[in-house]
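These are notes for a colleague who is opening this structure now. Please read the numbered points with the model at hand.

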Amino acid sequence: MYSIRCTISRVLATATLILAVVVVSEGVTSFQSTQTTVTEKKILGKKSERAPLQRPGAFKLERHEENDLVPRKTIIHRRPLYRGAMSAKSSLLLKRKPHPCYFKRCYLGQKCEVDQRTGRASCVCKSHCKAIKKPVCGTDGLYYENHCEMHRAACVIGQDIYDARHKDCFYQRSTCELHDLDSFRAHLLEYHEAKSRFSIPDEPTEDAAPRRKRRSAGRSHHHHKKARRQPTEDPVVEPTRKIILGRSEMLAEDEVMSVPLETVANSSRASNVSDQSTTELQTANDDIVQIDIDSPPSTETSAIDLINDQSGGEETTNDETLEDTSVQEQSTVAPETQATNIIAFGDDGLVPYDDIITNDVRGDGVKSIFRFMDIDMDGFVGSDEIYQLSMLEDLDSVFPPPCSLFHLLRYGDLNQDHALDIQELLKLYNVTVLHLPEENRIVNKAAIYGGSVTLQCGIQGDPNPIWRHYGYDLQAQGQPNIDVDGDQMMITQVTPRHAGNYSCHARKRPDIEQVIRLSVHAAPQVQIYPRSQHVVTGSSLSVLCHVRGVPPPHITWLMNGDELEMESGRYVIMSNNTELHINTAQESDSAAYSCVATNPAGTNEEIGAVFVEDLVEQSEYANGEIAAFFIFHEHGIVILDPKSCQVLRRIQADETLPGLLRQNKLCQMSLEDGVRHCNWSSAVVVGSRFVYVAQPRENRVVVVDLRLQRVVEVLATDPLPVELHYVRSTDQLFVHCWVDATRDRSNLQIIYAASVPGMHLAAQIQPLDGGNTLDLSVYSFFVAPEGPLNTQSRYGYVLHKDQQAIYMLNLATLLYDDVVINLGPQACTPRKLFYQQIGGRLHVTCHALEGELPRTLTVELLTGKVVNAMEETDYDTEYISLDGQHVLRVYPHKQQVRVYNVTTTGDLSEAIVLHTNFAVSDAAFEQHHSNLRQTTVYISSAAQAEVMHLDAGTGDVGVIDGLTRPLQVEKFPWSDRSRMLVASSWYDRHVATAGENGVDVINAETKEISCRLHDVTDAMAVTWVDGR
């Protein structure tokens, strides 16, 4: 029995040796045939075809470049390369007993060892692994330098540990505190800004898309090289596993995205490195062992050395092999079948986060960092992408522990989705994202005159923006009625001068702004005419109503507070509800008729009383009211009723003036011809009872009582009182005295309580320097006219001769304000001022030398600064309607005038341009009571006997000729208005124009001359008195 067993053992041993020799021989034969095939094909000049895949474990090499052979990744056991080496090892195996580890199979992380005592082979845990850096996270949540270390640890602790397929453990390998993270973030930002190749332009350039195409083409070429090493079978479309954002999610077959494989397989950043870096990266990933083909391996190498050498390095799992194989197979898809990557780029070539705007200059750098990290350009950064960057850039050497890019993901992932988006990264850097919807870049806002309004800045992300008004910081200016509180601005006691454009700007990005167009709504102002009338029974009557307001009000009529019985047919409402007409008046029509006007700003009304009687005393001015033109001419004063063309009163030049000296007459005797000649310069209506008129050569101001229709007071002034300015809100009359014709010593005086009957006195204004000397350098004085949109003027504006500044005189204290409007930077010496009520703008005409074009600046009174109004500035005179709705500008060098409509925000609409063949002397606005938008502008010629009229709404133009000659300049040196124009009230609708040899009255309805006074010569001043 024993002999039989020994015989069987010998047979088995012999068979084993024969089998080993056969296996080795087949390997050598296969190698030789492969080498022969490669050599033959290289000689024939043909590209080497890939041989069919060999069975597992078969030896297979492929020649790349000279002197290097790269084994396939799937090769597990290495084989001798040369016939001599194979022969030596074959003889070695044949001569001695096989090594115990030759047929011993060990798990990953283990190696085969032979017990020296028993001679048996066993698998033990590896004591060390090769120093190859390919970090991996295990399923135990720990960080390992490579797969070998992970499997060795699994062997040591006796637990299964696999690749977790994410990189979340990378930030656990070191402790990164918040203060360390702050330093790391700053270092990263500086490092990234220094790398110009990753800089992001503020705006996409034209060659941005081609550059990306070239980069994609490079990646595609690289993958086609890999594809030529693969079989050419058609790939099988299977559900695709997408590993992005540090997560794995399965996409169904019908949900597979058409994305170029080069975008997924290769990062867009990998194309920026050199081919050498790419080769090194592939070498590290594929675990390629370099073998020198020129020198054969040592014949002393044993089989166990080869086996242990293969298992001692970084090991590759079957999962990795399958994954790499699937990627390589997918890369064989023809380029024409690959769709455009709609995730990476938009139609404009920008990634989704390129349009994000921040309030910090660091924002662009942070976005650049995110673009650098976002390899697949999908707007998210996962741990896989951070890992690729860490390997690509070797950031561990640039940023030493304890912090790394993985800690950005750890601390920045606020929604715990294992990914970092641009918003999270910006928040991690404390950079606020600014957002302003396109539809909110320009918004409209309305305020009520006299109320308050709050403006809300629409820039999201900046709680403390900068508020500006025409480019000037409102908070820095410190306006009394404006309070800035973060992203809100409140304006109290709103007036039309607050209308205009306000803007809020991101504090750290001033180029991001929202414009708020503020318009001021004014409550209606109602005037009724006549306020009281007596009519005979059976006659007809009319009650007129004139309203002003912004926006235009709606008008209704009431009778004794009740609605009119329109169904009776006795009442007719005409002219856009502005006229109430009764055809046959009866005693029952005696009532109080109310005109009620309403708009969004409020409601107002005025009452007109109607008395229907059998007998009425016919007197147009029975109640002492008078509505007429006061004309101051060479031989006295004429009071003219334009409707009837009747002279109501003549005050002669030799009329005695009141006072102690009874010999004083209205006008002085001329020594040349022995005739009294009057001289006048300016006349204004003060209150409802007086007209003040200046007599420059007599150095006095004359007061005419409207009810008594005679001179009641004479006020002595400084020499040459030329200009009179009345401020209704303070009841002050300012007298500008030239002193001499050069105006080198001109000054300003004031008359207090000018509308109160009694004795008055012209007092001096405290000088600019605050001393006791008179202020003798007031070249000109200007007060904004008060009206419906400017009920109270706070300041008077003083122009000092040869001073490039405007000084502000407080009308309440009569002291100069500390604020001075400096025109020095504009090199402007002001000469004339004009005030635009809506928007509160002061237009300043600068002094022009001979031959220079006129120049006008715009000063925004809210800030007191010169603003760029984006308008032509070469006009020298401006006329503004009383309601502030229309502006006329004169361009003398162009021989044209332009008429603008003023919007509710103070902007000027498109102009109506009128070319003239004459120099403009004066202009006046006449408004129709039934249509607030129907305004006619009258323009007089300085040298010709004609007046032009222009409809501001339609642009219709007409000329009224046959007028009297204009006044000669030497007779009226106080002004350049050789032919003045004065309009009557809305209910009268007449325009008076005075010339050298008469006064003409134009009917605004017919645009014709309705009245002419030939005996009134050299009229120097005309004013309209509304005795309503």
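1. Two strands pair if DSSP finds at least two bridges between them. Helices (H or I, at least four residues) and strands (E, at least two) are DSSP runs, numbered from the N terminus. With those terms, Val798 stands opposite Tyr807 in strand 44. Strand 43 (residues 795-800) and strand 44 (residues 805-810) are joined by 4 bridges and run antiparallel.

2. On sources: this is a predicted model, in which local features need pLDDT of at least 70 and side-chain atom pairs count only at pLDDT 80 or more, while totals for chains, interfaces and linings use all residues. Residues are numbered from 1 along each chain as its sequence is written, and side-chain values use heavy atoms, with hydrogens and water left out.

3. Strand 21 (residues 532-536) runs parallel to strand 28, with 5 bridges between them, and Ser532 stands opposite Ala609. Strand 27 (residues 591-599) is joined to strand 28 by 9 bridges and runs antiparallel to it. Strands 27 and 28 form a hairpin with 2 residues between them, and Asn599 stands opposite Gly602. As background, strands of a sheet pair through backbone hydrogen bonds, either parallel or antiparallel.

4. How many disulfides does the structure hold? There are 10, a disulfide being a pair of cysteine sulfur atoms within 2.5 Å. One of them joins Cys125 to Cys155, with an S to S distance of 1.9 Å. The link of Cys125 and Cys155 is left-handed, with -90 degrees about the S-S bond. This pair links distant parts of the chain, 30 residues apart: Cys125 is in strand 4 (residues 121-125) and Cys155 in helix 3 (residues 147-157). Cys125 counts as partly exposed at 27% relative accessibility, whereas Cys155 counts as buried at 19%. Buried means under 20% relative accessible area, exposed over 50%, and partly exposed in between (1.4 Å probe, protein chains only).

5. Another disulfide joins Cys457 to Cys504, at 2.2 Å from S to S. With 80 degrees about the S-S bond, the link of Cys457 and Cys504 is right-handed. The pair is 47 residues apart and links distant parts of the chain, with Cys457 in the loop between strand 14 (453-456) and strand 15 (466-469) and Cys504 in strand 19 (residues 500-505). Cys457 is buried at 5% relative accessibility, and Cys504 is buried at 0%.

6. Cys828 and Cys846 are also joined by a disulfide, S to S 1.9 Å. Why is the disulfide of Cys828 and Cys846 left-handed? The torsion about its S-S bond is about -105 degrees, so the disulfide is left-handed. Cys828 lies in the loop between strand 45 (816-822) and strand 46 (830-836), and Cys846 in strand 47, 18 residues apart. Both Cys828 and Cys846 are buried.

7. Strand 47 (residues 841-846) also holds Arg841. Is Arg841 buried or exposed? Arg841 is buried, with a relative accessible area of 5%. The side chains of Arg841 and Tyr470 are joined by a polar contact of 2.3 Å, where a polar contact is a pair of N or O atoms within 3.5 Å; within protein, one must be able to donate a hydrogen and the other to accept it, and residues adjacent in sequence count only if both atoms are side-chain atoms. Leaving aside neighbours within four places in sequence, the residues in contact with Arg841 include Tyr470, Glu871 and Asp907; contact means heavy atoms within 4.5 Å.

8. Helix 4 (residues 178-194) and helix 10 pack at an angle of about 80 degrees, with their axes 10 Å apart. That makes helix 4 roughly perpendicular to helix 10; angles under 35 degrees count as roughly parallel, over 145 as roughly antiparallel, 65 to 115 as roughly perpendicular and the rest as oblique.

9. Val361 lies in the loop between strand 9 (357-358) and helix 10 (362-373). Val361 is exposed, with a relative accessible area of 64%. The C-alpha atoms of Val361 and Arg509 are separated by 7.7 Å, with the two residues 148 apart along the chain.

Notes. Axes are lines fitted to C-alpha atoms, for helices over the stretch in contact, and angles run from 0 to 180 degrees between N-to-C directions.
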